[in-house]
Amino acid sequence: MKKILIIEDELDMLEVLGDKFSAENFEVLKAKNGDEGLEVSLREHPDIILLDLVMPKMDGMTTMKKLREDEWGKTVPIIILTNLSATDEKLIMGMVEGEPMYYLVKSDWKIKDVVKKVKEALNM
Amino acid sequence: MTETKLKKENMYIKNRLSALSPIFHKMALGDFSFDIDIPEKEDEFTELLVTLDLMKDDINELVRELATSEKELEEKVKNRTDELHQKIIKIDLLNENLKDSQHATLNILEDLNEEKEKVEQKVKDQTKDLKEEKDKIETIIESIGDGVFVIDPEFKIILFNKAATLISGLSTKSVLGKRYKDTLKFVFEENEKISDDFVKEAMIASKIIEISNHTVLIKKDGSKVPVAGKVAPIKNKKGKIIGCVIAFRDVTKEREIDRAKTEFVSLASHQLRTPLSTINWYAEMLLEGDIGKIDSGQKNYLEKIYRNNKRMVALVDALLNVSRIELGTLAMDLKSIDIQKASEDLISEFIPQIRNKKIKIKTNYDKDLPHIHTDLKFIRIIFQNLLSNSIKYTPADGEILLTIEKSNSHILITVSDTGYGIPENQESMIFTKLFRADNVKEYDTDGTGLGLYIVKSIVRQLKGKIWFDSLMFTRVVAGKKERYGTKFYVSLPIDIMEKEKEPRGVG
C-alpha cells in the first residue's frame with residue numbers, strides 16, 4: 001500500500017482528498033501546514049506528497065525547499081496542488097525548475113484526474 | 001453841238017429821270033409792288049428800267065421765298081418749343097417726385113437715427129448684461145470642483161479654472177494663450193505616449209468624447225495624476241465648432257477604491273474556490289459510486305448539484321479573470337500559436353452542447369494560416385466565450401460559422417450564428433461589465449454578463465480589435481418579418497511585438 005501525505009490548510013479540502021485516496025487504497029497521512037508537513041514527511045517518509053502552496057506558518061514553496069535539503073527528501077515526488085491562475089502557475093514553474101520529481105495539479109480538475117496524476121507519478 | 005440841242009437833250013434827261021423818281025421813292029420805302037412801264041424808245045433809260053423791273057421781280061421773288069421759309073421756321077420753332085415744353089413738364093414732374101423721395105429719405109434717415117440710438121442703448125445694456133453673465137459664468141467655472149479649460153479653434157487655451165491649476169500645478173497665467181499641447185501633457189499610463197487625441201476627436205466627431213481610461217496628466221513637478229473626464233465641442237448657432245471645453249478630474253481616490261474593490265473580489269473568489277472544489281469533488285465521488293451504488297433518482301439530484309456547482313465555479317473564474325484584468329495581473333505568456341489548432345480544440349470541447357441543441361457548426365480557415373505570436377490562454381478565452389455565446393443564444397437547429405482569414409499583419413476570426421441577435425438599442429452596452437441583453441435573459445439564466453467584457457479586455461491586451469454585426473439576416477416567421485443572427489469579428493496582430501514597434505500616430 002502506497003503512503004501519501006497531504007499537506008493542506010483547508011480542512012475540507014484535506015478531508016475530501018483523504019477520503020478519495022483512502023477509497024483508492026492509499027495509506028493517507030495529513031498535515032495542516034508546512035511545518036507539520038515537514039515534520040511528518042521526515043518521520044514517515046511517504047511515497048508521495050500532495051502539497052498546497054498558500055498556507056500559514058510555512059508555505060508550500062518553503063516546505064519543498066526544506067524537503068529537498070534532506071537526503072531522503074531530495075527525490076520524493078511532490079505534487080503541487082494549486083487553484084492559482086495560469087500566471088501564478090508560470091511563476092511556480094520558474095521556481096521549481098530543475099526539481100527532480102515535481103508535478104502540478106489544479107484544484108478545478110476532476111478528483112479522479114488528481115488521482116490519475118498521483119498514480120502516474122508513482123508509476124502505478 | 002448847239003445850245004438848243006443841248007437844252008433839248010437836257011430836258012429829255014430831266015423828264016426821263018423824273019419818271020424814275022417815284023420808283024426809287026417806293027424802292028427806298030421797301031415797296032416792290034409797283035409796275036414799271038417800259039417805254040418803246042430804246043435808250044439807256046429804257047435799259048435801266050428793264051433792269052430795274054427785273055431786279056424788282058427778283059426781289060419780290062426773294063421776299064416771297066423768304067416769307068415762306070420764315071413761316072416754316074416759325075412752324076419748326078413752335079414745334080420745338082412745344083417739345084421743350086413737354087420735356088419741361090416731365091422734368092418738373094420728375095423733380096417733384098425727386099423732392100418727395102428726398103423728403104421721404106430724410107424722414108427715414110431721421111427714423112434710422114432714432115432707431116440707431118435705441119439699438120446702441122440696447123447693445124450697451126446687453127453688453128453690460130452679457131458682461132455680468134460672463135463674469136457669472138466665469139465665476140461658476142472657476143468654482144467648479146473639476147478641472148476645466150476651454151480652447152479656441154487654434155487649440156489655444158482661453159480659460160483655465162482653479163481646479164485645473166490645482167490638478168496640473170500650472171498657473172492660469174502660464175497657460176492662457178498657449179496651445180494646450182504645449183502646456184498640458186496627457187499621456188497613456190502604461191507607455192507614457194501622448195494621449196490627447198480626445199480633443200481632435202471631439203472636434204471632428206462634433207460630439208462629447210470621454211477621456212480614455214488609463215490617461216494620466218503629468219504635473220508641473222513631473223508627478224503623475226490619473227485623470228478622467230469629458231471633452232465637449234463648443235458650437236455656435238450655425239453649428240460651426242468654435243472651440244472645445246475639457247473637464248477633467250483627479251481620479252486617484254476612485255482608483256484606490258476601485259483597486260480595493262477589485263482586490264476584495266479577487267480575494268473573495270479565491271476563498272470561494274476551495275469550498276466549491278470540495279463540493280465538486282464530493283459530488284463527483286458520489287456520482288462515480290465511490291461509496292456505493294446510487295439509484296437513478298439520487299443520480300438525477302446529484303447531477304443537478306454537480307452542474308450548478310460547475311456554474312458557480314465558472315462564475316468565480318470569470319470574476320477572478322475580471323479582477324486580474326483590472327488589477328493588471330493577468331500577464332501575457334507569448335508563444336507561437338497554431339490558431340487553427342486552437343480553434344479546432346475549442347470546438348471539440350463544445351461538441352456535447354452543439355449535439356444537444358442540434359446546431360450545425362461549420363468552419364472555414366484560410367489555407368496556410370500563419371502561426372501567430374500571442375498568448376494561448378487568451379486565445380482560448382476568446383474562442384470559448386464567442387462559441388459558448390453563439391451556442392447559448394442560437395435556437396435548436398441553428399447554424400454557427402467560424403472563419404479565420406489572414407491579411408498582411410493580422411488574422412481575422414469571425415464567429416457568426418443564426419441566433420437571437422443583439423437588440424439594436426443595447427448594442428453599445430454589449431461589452432459592458434455585468435451587462436446582459438434583455439432578449440437573452442429569458443433563454444439562458446446562466447450568463448454572468450462578464451464574458452464579452454473579458455474578451456474585449458483581452459483583445460485589447462493582445463493589441464487587437466473586436467466588433468460585431470447583429471440582426472443582419474431576415475426571415476419570415478408566422479407571416480411576420482424577423483431579424484436575427486450575430487457575427488463577431490476579432491482581428492489580432494500576427495506578431496504582437498511587431499505591432500508594438502509601429503510608430504503610433506500622435507496627433
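In this predicted model, 5 strands of chain A form an open sheet in the order E2-E1-E3-E4-E5, and their pairing is parallel. Strands (E, at least two residues) and helices (H or I, at least four residues) are DSSP runs numbered from the N terminus, and two strands pair if DSSP finds at least two bridges between them. Strand E2 (27–31) and strand E5 (102–106) of chain A stand at the edges with a single partner strand each, so one side of each is left without a neighbour in the sheet. On average, neighbouring strands of this sheet are turned by 20 degrees against each other, direction ignored.

Within the sheet, strand E1 (residues 3–7) and strand E3 (residues 48–52) of chain A pair in the parallel sense over 4 bridges. Here Ile4(A) stands opposite Ile48(A) in E3(A). Helix H5 (residues 111–121) of chain A lies across E1, E3, strand E4 (78–82) and E5 of chain A, and runs at about 175 degrees to E5(A). Such angles run from 0 to 180 degrees between N-to-C directions, with axes fitted as lines to C-alpha atoms, for helices over the stretch in contact; contact means heavy atoms within 4.5 Å.

The model also contains an interface between two chains. The contact takes 21 residues from chain B and 22 residues from chain A. About 1900 Å² is buried between chain B and chain A, of which carbon and sulfur atoms give 54%; buried area is the accessible area (1.4 Å probe) that two parts lose on being put together, summed over both. In chain B, Arg273(B), Thr274(B) and Trp281(B) lose the most area to chain A, together 32% of what that side buries.

Across this interface the rule finds 2 salt bridges, a salt bridge being a side-chain nitrogen of Lys or Arg within 4 Å of a carboxyl oxygen of Asp or Glu. Asp290(B) forms a salt bridge with Lys20(A), and their closest N and O atoms are 2.4 Å apart. On the side of chain B that touches chain A, the elements giving two or more residues are helix H7 (252–287) and helix H8 (296–327) of chain B. The largest share of that side, 9 residues, comes from H7(B).

As for conventions, residues are numbered from 1 along each chain as its sequence is written, and chains are lettered from A and ligands numbered from 1 in the order in which they are written. Local features need pLDDT of at least 70 and side-chain atom pairs count only at pLDDT 80 or more, while totals for chains, interfaces and linings use all residues; side-chain values use heavy atoms, with hydrogens and water left out.
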